[in-house]
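Dear colleague,

I am passing on the structure below, and after it I set out what was found there. Please read the notes with the structure open beside them.

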Amino acid sequence: PQAWQPLVAHNAVSNMVANEVIGLAMVVVGVQLSMLANTVVKLIVDVPMLQIMQARFLLQWMTSTSCCLALRAFGLKIHLTGRPGCRWLLAARACSTSTALGSLWCALRILPVGEATAITYLNPVICGILATQLLGEQLGWRFSVQAAVSCLGVLLVVNPFGAASGQLVATPGAPSPTFGVALALLGCMCFATGNCLVRLLRAAHPLEVQVYQDTLTAWVFLPTAQLVAGTGIDFSAWDSHKAGLLVLFTLFGLGASFFVIVGYSMAPASKAALFTYLEVPSSFASQVLLFGQVPSPVQLGGAGLIVGAAACRLLHEVKEATKMQALDEEDEDFLEDLNPSRQVSRQVSQISRQISSMSRQMSHQSRQISATLMPVVSNATSPLLLAAGEPVDLLSPLPSPLSFSLGGADSISLDTEAPPQAASTAVAAPASAVAATGSLKQPLLQASSRSALRQAAQPAGRP
């Protein structure tokens with residue numbers, strides 16, 4: 001067993017690494033599905049955005065509610081109407097997230113996919129600023145450096161000086177690109193607010209947060225917004241092609257949420273967050289391949305600054321967490337060395353493991369000895385056969401007289417009730433028969449010894 005311990009430890013580490021790799025791969029798949037969802041919603045043109053959001057959230061509400069009902073059937077306690085005491089925070093989070101999604105999707109109709117996505121990924125910086133005010137979290141100088149570099153990157157992506165070269169000239173009748181940038185920044189701020197609110201909803205299950213958001217958005221927020229905008233009953237812009245794109249848009253969005261959630265559950269969050277930024281370069285690739293909108297080198301440099309600043313910050317956080325974990329382990333070992341009771345318990349544990357190992361070794365050796373002696377015992381007792389061919393039970397009382405057939409006219413009779421001298425004489429009498437069958441000599445002597453012992457154990461007054 002001691003030789004198996006390194007193998008078991010190696011298998012445990014291999015399984016942990018495999019789960020982490022699978023989790024990171026699922027995060028990568030999730031962000032690519034998110035990029036596809038943003039691309040598809042940009043293809044759904046001439047349809048009011050409120051109707052797209054209404055249809056999307058209705059489908060999403062049916063999916064999340066079905067999952068919650070299925071889990072409740074299996075005994076998981078989930079509040080479909082929100083956990084008591086958290087409903088106001090859940091409503092605020094649903095409002096902020098819905099506003100963020102609507103702003104981003106509207107910005108995608110004005111800006112290229114890559115630029116809108118790069119601006120949206122400024123939300124970790126805004127989330128950090130809000131966390132210092134709402135949650136009282138302390139941020140160091142590294143966060144300030146990241147915020148400055150990210151803001152510079154957004155400024156380069158927006159490229160306000162591109163209007164002089166004709167890059168930001170708006171199409172007649174279309175919204176201004178500046179309005180698209182404002183929508184993307186609004187979505188970024190709402191995403192950051194929703195993330196901070198999630199930190200305050202630690203008592204709520206993630207599915208409760210999701211189903212509460214889908215319920216309020218699909219049945220309260222969007223119907224009210226459509227009544228105000230006057231687009232609630234006009235479905236003339238829809239056709240089968242756009243309906244198919246809507247289904248793809250919903251499937252890609254739900255798939256992105258599923259893969260990212262599962263990926264974060266299998267891989268460390270500090271590492272998984274690094275891979276979410278792969279959505280930015282893939283969005284620029286979609287912008288070039290599907291829409292033919294080639295970004296300028298300045299915009300690519302700005303996107304690189306946003307991703308690079310976040311990546312450097314997260315790598316630093318991973319290293320710091322690893323160092324703290326190593327220090328904690330060293331502190332635990334030091335405390336164990338100082339605590340006599342822990343030393344004694346550790347020594348007792350080591351001794352018990354050694355005793356257990358020795359007992360297993362002794363058991364194994366006893367099985368080997370038994371396996372070695374069994375053929376010898378079988379060979380020694382096999383000749384003790386009666387004339388009828390039945391084996392003699394060595395533990396049962398011996399019959400009197402005991403007769404052995406030698407396969408011919410000769411036979412041996414042994415009186416088990418006779419004194420020891422008579423028994424030995426009876427065994428020694430037919431010398432010719434014993435000499436003829438040497439294989440029975442040892443069993444007969446054993447039978448004589450048993451008879452002598454039995455006579456010695458009888459009471460003195462018995463004849």
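The structure holds three aromatic pairs (rings of Phe, Tyr and Trp, the last by its six-membered ring, with centres within 6.5 Å; planes under 30 degrees apart count as stacked, over 60 as edge-to-face and the rest as tilted). One of them is edge-to-face, because the rings of W61 and W219 have centres 5.4 Å apart and planes at 85°. This pair joins distant parts of the chain, with W61 in helix α2 (residues 49–73) and W219 in helix α8 (residues 206–229), 158 residues apart (helices being DSSP runs of H or I of at least four residues, numbered from the N terminus). W61 is partly exposed at 23% relative accessible area, and W219 is likewise partly exposed at 49% (buried means under 20%, exposed over 50%, partly exposed in between, with a 1.4 Å probe and protein chains only).

The rings of W105 and F249, with centres 4.9 Å apart and planes at 75°, also form an edge-to-face pair. It links W105 in helix α3 (residues 87–108) to F249 in helix α9, 144 residues apart, and both residues are buried.

Helix α9 covers residues 240–266, and its buried residues include L245, L246 and F249. Elsewhere, L289 lies in helix α11 (residues 279–291) and is exposed, with a relative accessible area of 71%.

As to provenance, this is a predicted model in which local features need pLDDT of at least 70 and side-chain atom pairs count only at pLDDT 80 or more, while totals for chains, interfaces and linings use all residues. Residues are numbered from 1 along each chain as its sequence is written, and side-chain values use heavy atoms, with hydrogens and water left out.

Best regards

How values were computed. Helix = DSSP H or I, 4+ residues; strand = E, 2+ residues; numbered from the N terminus. Expected span 1.5 Å × (residues − 1).
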